[in-house]
Amino acid sequence: MKTIGVLTSGGDSPGMNAAIRAVVRYGIYSGLKVLGIKEGFKGLMEGKIEEMELSSVANIIQRGGTILRSARSDEFMTDRGKEKALNILKVFNIDGLVVIGGDGTFRGALDLSKLGVPVIGVPGTIDNDLGYTDYTIGFDTVVNTVVDAIGKIRDTTESHGRASIIEVMGRRCGDIALQSGLAGGADSVIVPEVGLDEVNICKKLIDSRNRGKRHSIIIFAEGVGDVTPYELGDIIKKNTDIDTRVTILGHLQRGGSPSAFDRTLASRLGAKAVQLLLEGDAGKLVGRRNGVLVAEEIEIGLSMEKVFDEETYKLTDILSI
């Protein structure tokens with residue numbers, strides 16, 4: 001193996017740049033030529049590829065986002081699109097590919113792997129929704145971002161004696177809501193794995209008010225059930241007469257400098273990806289499980305169910321009484 005490519009795809013996550021840096025520098029250290037592919041699989045099909053040097057990744061480990069940028073591509077999911085991508089890889093003499101992203105990115109990697117391309121996937125997604133790894137790059141940073149927001153919102157919520165509903169990302173996986181809710185001292189955490197119980201939420205708010213508590217924080221993972229955060233606010237107001245405000249953090253959660261944990265995780269996984277390519281052990285997803293770096297077959301990794309942390313959910317509920 002002489003030349004490898006690296007791309008980022010799907011939603012950006014803090015720490016992607018640290019992973020790119022690790023791939024480039026470990027690759028060059030190992031005697032490889034490293035090509036950066038811009039704008040994900042879309043850029044691959046369009047040949048948006050340039051050689052990366054040591055200086056190409058200088059001063060990026062602390063930056064959020066991705067210097068290679070990201071773009072979604074419906075065309076790549078077609079047979080014709082994959083054929084175009086395969087041809088571009090041959091034109092640029094790319095012997096192996098490192099893809100950084102989430103579930104959708106890895107499904108694209110699996111397709112290329114089946115076409116004979118040596119591919120390694122690095123988990124870069126804030127949702128932490130991949131079952132084969134305990135942590136994905138960006139998740140820790142997002143939790144810290146949400147906890148910081150909770151603290152700021154609590155200040156104004158307490159001043160006015162209100163309840164605040166804070167919507168966070170995590171349409172299919174409630175890890176962001178769960179971990180930030182526990183760390184931020186939320187009164188209720190609403191996650192897709194459990195669903196929404198309006199009666200219980202209203203009861204907890206009334207009990208808290210009767211004990212003299214002046215404010216409440218509710219963490220709401222986006223896409224839970226058929227009720228929006230604003231509709232839940234109306235339900236709370238109607239049933240408890242507690243003034244309620246809604247804050248949707250949105251893409252604020254994706255930005256910002258990655259945490260130390262995400263920087264080190266990204267660096268280790270990026271280097272591991274190159275190492276596997278050099279060893280001829282491709283078609284894998286790298287991750288971290290029980291404190292140890294792991295590599296799973298792409299198809300197996302994608303099929304592994306994400307296990308919901310019921311123990312932490314119960315603890316959050318207990319500590320919020």
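**A tour of two domains**

Select residues 3-138 together with 258-303 and colour them as domain 1, then colour 142-254 as domain 2; these bounds follow the domain assignment of the chain, which is automatic or taken from a database. The model is predicted, with local features needing pLDDT of at least 70 and side-chain atom pairs counting only at pLDDT 80 or more, while totals for chains, interfaces and linings use all residues. Residues are numbered from 1 along each chain as its sequence is written, and side-chain values use heavy atoms, with hydrogens and water left out.

**Between the domains**

The C-alpha centres of domain 1 and domain 2 are 35 Å apart. Now show where the two meet: 10 residues of domain 1 are in contact with nine residues of domain 2, contact being heavy atoms within 4.5 Å. About 840 Å² is buried between them, 48% of it on carbon and sulfur atoms. Buried area here is the accessible area (1.4 Å probe) that two parts lose on being put together, summed over both.

Next, select Arg172 and Asp129. Their side chains form a salt bridge, with N to O at 3.2 Å. The term requires a side-chain nitrogen of Lys or Arg within 4 Å of a carboxyl oxygen of Asp or Glu. Side chains of opposite charge can pair when their charged atoms come close. Between domain 1 and domain 2 the count is one salt bridge. On the side of domain 1 that touches domain 2, two residues are nonpolar, four polar and four charged. In this grouping Ala, Val, Leu, Ile, Met, Phe, Trp, Tyr, Cys and Pro are nonpolar, Asp, Glu, Lys and Arg are charged, and the others, Gly among them, are polar.

**Other salt bridges**

The whole structure has 22 salt bridges. Select Lys48 and Glu46, whose closest N and O atoms are 3.2 Å apart in one of them. Lys48 counts as partly exposed because its relative accessibility is 31%; Glu46, at 44%, is also partly exposed. Buried means under 20% relative accessible area, exposed over 50%, and partly exposed in between (1.4 Å probe, protein chains only). Then go to Asp317 and Lys204, a salt bridge with 3.1 Å between the closest N and O atoms.

**Cysteines**

Finish with Cys173, buried at 2% relative accessibility, and Cys202, buried at 7%.
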